[in-house]
Amino acid sequence: MVIRLPFFRKKRKKLERIELDNTPEHIAIIMDGNGRWAKKKGLPRIAGHKEGMTVVQKIVRSAVKYDVKVLTLYAFSTENWKRPKPEVDFLMRLPKEFSHIYLPEMMENNVRIDTIGDFDSLPTHTKKAINHAKEKTKNNDGLLLNFALNYGGRYDIIQGMKKTLKQIENGELSVEDVDEEIISNNLFTAGINDPDLLIRTSGEERLSNFLLWQLAYTELSFTDVLWPDFNEELFKKAILDYKKRKRRYGGI
Ligand code: IPE
Ligand code: IPE
Ligand code: MG
């Protein structure tokens, strides 16, 4: 039998408050290693992607718990079209499956879903599933769950430059006005603070064309764990490590 003593409850609340202190507001994750995870188990690569999707949900839950404001997940890069068509097709069907299984929980947790990247070039059925999720969650004001889908950092900068040049052409802006703020506001991540923490799984230590402008002063965290084996404990560890770091931004 469990007896709930009020003084125990108080103690736990206090601990949680300490844990929430100085949490990174924006966490970006390069969810890598699905294929290798599947290979190790003698399964097809797509089995890794499917398992990876369940990890997304677990990490979203943790992010809500730790009061993270924005979670940007690299789901498909502009270079991932190079993969075999059956794998790409499978990945393009995942948003629908994700919505189907997890949308009710997203609503319960007050999560807003959005995407960054070249949305128009996605298959129609993928766009439809994502638009449904965006529409359904648009009034939620908790965690922003931002999927980088058909996203590339260089593509982001190019489209941002084009927007800026158009503003100059239209006379809304002069060349002298162009500064960091204007460029930032013309990127896909307009209105979102730069990531405080970037996590990459699978042991690779590179950016693979992710958020090139936005990661200028982001703290980096690499783990050898493959994405389908990533879990709440490792996520928490990355957050706790982040809290110990001293960000200097070029100062002293
Ligand atoms: C990450 O896992 C998911 C996507 C890039 C879509 P990978 O599919 O890159 O897995 P590995 O790196 O080949 O193991
Ligand atoms: C980065 O992983 C893209 C995503 C996680 C969506 P990749 O597996 O595509 O990166 P590289 O090819 O190892 O650099
Ligand atoms: Mg990979």
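**Views of a predicted protein model**

View 1. With 252 residues, a compact globule would have a radius of gyration near 18 Å, and the protein chain has 20 Å, which agrees (taken over C-alpha atoms; the globule rule is 2.2 Å times the number of residues to the power 0.38). Its C-alpha atoms fill a box of roughly 75 × 50 × 35 Å along the principal axes. This is a predicted model, where local features need pLDDT of at least 70, side-chain atom pairs count only at pLDDT 80 or more, and totals for chains, interfaces and linings use all residues. Residues are numbered from 1 along each chain as its sequence is written, chains are lettered from A and ligands numbered from 1 in the order written, and side-chain values use heavy atoms, leaving out hydrogens and water.

View 2. You'll find eight helices and six strands here (DSSP runs numbered from the N terminus: helices are H or I, at least four residues; strands are E, at least two). Follow the sequence and the pattern reads α-β-α-α-β-α-β-α-β-α-α-β-β-α.

**View 3. A look at Leu143.** Leu143 sits in the loop between α5 (124–137) and β4 (144–151). With a relative accessible area of 5%, Leu143 is buried (under 20% relative accessible area; exposed is over 50%, partly exposed in between; 1.4 Å probe, protein chains only).

View 4. Setting aside neighbours within four places in sequence, Leu143 is in contact (heavy atoms within 4.5 Å) with residues including Val60, Val64, Leu71 and Val111. Met107 is 36 residues away from Leu143 in sequence and 11 Å away in space, C-alpha to C-alpha.
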